[in-house]
Amino acid sequence: MKLTAEQIQNNWMDLEETIKVFISEPRRSQLLDLYSRHSERIMMMPASYKKEYHNSFPGGYVDHILRVVDCALKLNDVWVDMGVDASTYTKEELVFAALNHDLGKMGDEEHESYIPQTDQWRKDKLGEDYTFNNKLPFASIPDRGLFLLQSNGIQYSFNEMIAIQTHDGLYDDGNKKYLMAWTPEQRPRTSLPFIIHQADLMASRIEFEREWLPKFKNGKITKSDNFALTEKKTSKPTIKTKTLSNVQSEGLMNLLNNL
């Protein structure tokens with residue numbers, strides 16, 4: 001899967017617009033400032049480091065975030081139609097959690113989490129186009145994301161904290177204390193964490209299918225390949241000047257032009 005420069009730029013503008021529409025002040029300005037300061041990194045980030053996961057390509061992170069927000073809004077309607085108590089959370093909390101559930105993948109203020117894989121064997125045989133940046137001290141993605149918000153003075157509600165913390169559901173054993181409680185008083189007091197988890201799961205699954213199902217159907221992959229792919233090279237897309245008009249950084253302009 002590959003996004004064109006136009007798609008990456010348009011996704012970034014959609015991300016900014018989502019913040020403007022759904023997030024109230026002062027968090028709106030604070031989030032826009034945080035994202036703007038790290039725009040070059042976030043705009044080009046993958047959503048994962050390995051091809052067999054999802055959206056492991058330049059621009060994959062923002063593409064994923066927008067899909068999670070869209071899924072969360074649509075799933076929320078389903079939950080409401082089925083009788084969930086929607087008074088226990090707000091629409092802003094829903095979108096804020098969806099927007100920032102994977103923010104920890106950004107890294108920290110100085111270092112990005114995912115950097116290009118330089119080991120050609122791992123790229124070819126394991127599908128690792130990226131690798132983890134060892135300059136970063138270890139932290140889980142939710143913990144790092146919450147720390148980034150807190151360290152930038154961006155307040156979040158208890159609902160948002162739990163939803164971001166548990167967005168991987170029971171795929172993360174650390175979430176069992178929140179999601180597998182056996183007494184009523186220990187269970188979440190809102191369904192927001194479940195909606196965010198379902199939205200992330202749905203978006204990730206759709207991204208996996210979009211990337212992999214055509215390859216399975218075409219017989220282009222076997223177990224002996226270790227899920228490594230050989231992509232056909234295609235001509236570079238023509239870059240339309242109007243889609244790059246908002247790019248201020250010369251370095252980012254060069255990156256987009258080289259896609």
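Phe96 is located in helix α5; helices (H or I, at least four residues) and strands (E, at least two) are DSSP runs, numbered from the N terminus. The model is predicted, so local features need pLDDT of at least 70 and side-chain atom pairs count only at pLDDT 80 or more, while totals for chains, interfaces and linings use all residues. Residues are numbered from 1 along each chain as its sequence is written, and side-chain values use heavy atoms, with hydrogens and water left out.

**Phe96 and its surroundings**

- Phe96 counts as buried because its relative accessibility is 0%; buried means under 20% relative accessible area, exposed over 50%, and partly exposed in between (1.4 Å probe, protein chains only).
- Not counting residues up to four places away in sequence, Phe96 touches Ile23, Arg27, Leu31, Leu149, Ile154, Gln155, Tyr156, Glu160 and Ile164, where contact means heavy atoms within 4.5 Å.
- Between Phe96 and Tyr156 there are 8.6 Å in space, C-alpha to C-alpha, although they are 60 residues apart in sequence.

**Overall architecture**

- The protein has eleven helices and two strands, and from the N terminus on its elements run α-α-α-α-α-β-α-β-α-α-α-α-α.
- Of its 259 residues, 45% count as buried.
- Among contacts between residues at least 6 apart in sequence, 65% join residues at least 24 apart.

**The largest nonpolar core**

- In soluble globular proteins, nonpolar side chains tend to be buried together.
- A nonpolar core is a set of buried Ala, Val, Leu, Ile, Met, Phe, Trp, Tyr and Cys residues joined through side-chain atoms within 4.5 Å.
- The largest such core has 44 residues, of which Leu15, Leu31, Tyr35, Ile42, Leu99, Leu103 and Ile196 touch the most other members.
- Helix α4 gives the most to this core, with nine residues.
- Leaving aside neighbours within four places in sequence, Leu103 is in contact with Leu34, Tyr35, Tyr61, Gly145, Leu148 and Leu149.

**Helix α4**

- The 22 residues of α4 should span 32 Å at 1.5 Å a residue, and the end C-alpha atoms are 32 Å apart, which agrees; the expected span is 1.5 Å times one less than the number of residues.
- Just after α4, Gly83 takes a positive phi of about 105 degrees.
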